[in-house]
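Please read them with the model open.

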Amino acid sequence: LASPHGGVLAPFSFTAPDGSKKDYVPAAKVNIIEFGDPGCDNCRKSKILLEVNFELRDLIEKGDVSMTFVNLEDSDLPASELFSSYPESWTVGSNTDIVEQIDIRDYPSFYVLDSKGTILGKNLNVQQAIMLTLAKIAE
């Protein structure tokens, strides 16, 4: 799988809640991608931890950090309902085939990228992703 630490993340696309296909593009100085399932308990806990971290939330709202959630599972729910609890400042979408492209080892799995898409950390847990992101922003 083409996603080594220190390498550039393989390009991927996802289906946005409105049904359109979008290519992932790193949009900020530091970019967090969470790969998971909105119905998974650990994914819900991670979302809460990200939302209640005021420093991170401010950085996302200012555009210094981008946050993307990619759903990996098929769902019977309409996308509008599946992603309804996610903050508007996050990019959300689904790609159920992405595990064939990107090294994802657990749910949730976090990647942290720089502005060029270079992998700063991969297969991180939420606390590791937050700490790495805040450290990179402070540099």
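This is a predicted model: local features need pLDDT of at least 70, side-chain atom pairs count only at pLDDT 80 or more; totals for chains, interfaces and linings use all residues.

1. Core. The largest nonpolar core has 23 residues, and Leu 50, Leu 56, Val 65, Met 67, Trp 90 and Phe 110 are those that touch the most other members. Two or more residues each come from β3 (30-36), α2 (54-62), β4, β6 (109-114), β7 (119-124) and α4 (126-138). With five residues, α4 gives the most to this core.

2. Nonpolar surface patch. Ile 48, Leu 49 and Val 52 form a nonpolar patch on the surface, and together they have about 250 Å² of accessible area. Leu 49 belongs to helix α1 (residues 41-52). The relative accessible area of Leu 49 is 37%, so this residue is classed as partly exposed.

3. Glu 73 is partly exposed, because its relative accessible area is 31%.

4. Cis peptide bond. Most peptide bonds are trans. The bond that joins Tyr 107 and Pro 108 is cis, with omega about -15°. Pro 108 lies in the loop between β5 (91-94) and β6.

5. Positive phi. Most residues other than glycine have a negative phi. Asn 123 has a positive value, near 50°. Asn 123 is part of strand β7, and with a relative accessible area of 22% this residue is partly exposed.

Note on methods
Residues are numbered from 1 along each chain as its sequence is written. Side-chain values use heavy atoms; hydrogens and water are left out. Buried means under 20% relative accessible area, exposed over 50%, partly exposed in between (1.4 Å probe, protein chains only). Patches are made of residues with over 30% relative accessible area and no salt bridge: like charges are joined within 9 Å, nonpolar side chains (Val, Leu, Ile, Met, Phe, Trp, Tyr) within 5 Å. Accessible areas come from the Shrake-Rupley method with a 1.4 Å probe; for residues, only the protein chains shown count as cover. A salt bridge is a side-chain nitrogen of Lys or Arg within 4 Å of a carboxyl oxygen of Asp or Glu. Helices (H or I, at least four residues) and strands (E, at least two) are DSSP runs, numbered from the N terminus. A nonpolar core is a set of buried Ala, Val, Leu, Ile, Met, Phe, Trp, Tyr and Cys residues joined through side-chain atoms within 4.5 Å.
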